[in-house]
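Have a look at the sequence and the structure first, then read on.

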Amino acid sequence: MNRRFRSKRNIPIRIPTQKLLCFQLGNERYAIPIDRVLHVLNEFTPHGVIESDMLNGTLRDRSLVKYKDEIITLIYPSQLFLTSRDDRERQYLIVCTLKEGERFAIPVPEIPTVLEVGEDKFGEFPELYHQGNLPAAIEKVIQSSDNKMVFYLNLDKLVNPTP
């Protein structure tokens, strides 16, 4: 068949994808943009742990860790959901950067995985769910290929939550 007469309906539509770093805490899976991840380390020592700092009415666990020659903040996102609480030893450290260039880290119990997700898989939360005081750091919900839900985190809002 001549190309000129081909139907344009046969051409598949390309859906843009995003690469994410996915990790699990407790029963929940989270994803962050891979372009904001600097390193994943498997050796680190937290210092100065603050376990129950009431920041804007929510618990935020924080401490410090040495990354290369810099002291950075360690943030435990386990307070996002009650079932996210994971008391297993944190063996891996995801070192991230904020939009302003400041670095921080997230400790996780298992090695994170890379997830490539089509932008059509990002969904909004139902309005009734938002009324349940959804943490600002959780922006979207992703339906992964294994049919599980993944919560997409806004790193800037994770570090600096706004009421």
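How many of the residues of strand 2 are buried? The answer is 6 of 6, so to speak a strand that is mostly covered. Keep in mind that this is a predicted model.

**The covered strand**

Strand 2 is covered on both of its faces. Glu28, Tyr30 and Ile32 point to one side, Arg29, Ala31 and Pro33 to the other, and every one of these is buried. As a rule, side chains in a regular strand alternate between the two faces of the sheet.

What sits beside strand 2? On one flank there is strand 1 (residues 17–25), which runs antiparallel to strand 2 and is joined to it by 6 bridges. Across that pairing, Cys22 stands opposite Ala31. The two strands make a hairpin with 2 residues between them, and Gly26 in this hairpin has a positive phi near 60°. On the other flank, strand 2 (residues 28–33) runs parallel to strand 12 (residues 149–153), with 3 bridges between them. Here Tyr30 stands opposite Phe151.

Zooming out, the protein has 12 strands and 2 helices. Read from the N terminus, the elements go β-β-β-β-β-β-β-β-β-β-α-β-β-α. Of its 163 residues, 42% count as buried. If you take contacts between residues at least 6 apart in sequence, 57% of them join residues at least 24 apart. The exposed surface comes to about 10,600 Å², and carbon and sulfur atoms supply 49% of that.

In soluble globular proteins, nonpolar side chains tend to be buried together. In this model, the largest nonpolar core has 25 residues, and those with the most contacts inside it are Phe23, Ile32, Ile94, Cys96, Phe104 and Ile106. Two or more residues each come from strand 1, strand 2, strand 7 (92–97), strand 8 (103–108), strand 11 (138–143), strand 12 and helix 2 (155–159). There is also a second, separate core of 9 residues, which includes Cys22, Leu115, Ile142 and Tyr152.

Which residues does Ile94 touch, leaving aside its neighbours within four places in sequence? Among them are Leu21, Phe23, Ile32, Val37, His39, Phe104 and Pro112.

**Aromatic pairs**

The count of aromatic pairs comes to 4. Two of them are set out here.

| Pair | Geometry | Centre to centre | Angle between planes |
|---|---|---|---|
| Phe122 and Tyr152 | edge-to-face | 5.4 Å | 80° |
| Phe125 and Phe151 | stacked | 6.1 Å | 10° |

Phe122 is in strand 10 and Tyr152 in strand 12, so their pair ties together parts 30 residues apart in sequence. Phe122 has 19% relative accessibility and counts as buried, because the cut-off for buried is under 20%. Tyr152, at 12%, counts as buried as well.

Together with Phe23 and Tyr30, they form one aromatic cluster. That brings us back to the covered strand, where Tyr30 is one of the buried residues.

**A residue on the outside**

Finally, is Lys68 buried or exposed? Lys68 is exposed, with a relative accessible area of 59%. Look for Lys68 in the loop between strand 5 (58–67) and strand 6 (70–76). Its phi is near 55°, a positive value in a residue other than glycine.

Technical notes: Residues numbered from 1 in each chain as written. Predicted model: local features only at pLDDT ≥ 70, side-chain atom pairs only at ≥ 80, totals over all residues. Heavy atoms only, no water. Pairing = 2+ DSSP bridges. Helix = DSSP H or I, 4+ residues; strand = E, 2+ residues; numbered from the N terminus. Buried < 20%, exposed > 50% of the residue type's maximum accessible area, 1.4 Å probe, protein only. Contact = heavy atoms within 4.5 Å. Areas by Shrake-Rupley, 256 points an atom, 1.4 Å probe, with all protein chains shown as cover. Core = buried A, V, L, I, M, F, W, Y, C linked by side-chain atoms within 4.5 Å. Phe/Tyr/Trp six-rings, centres within 6.5 Å; stacked < 30°, edge-to-face > 60°.
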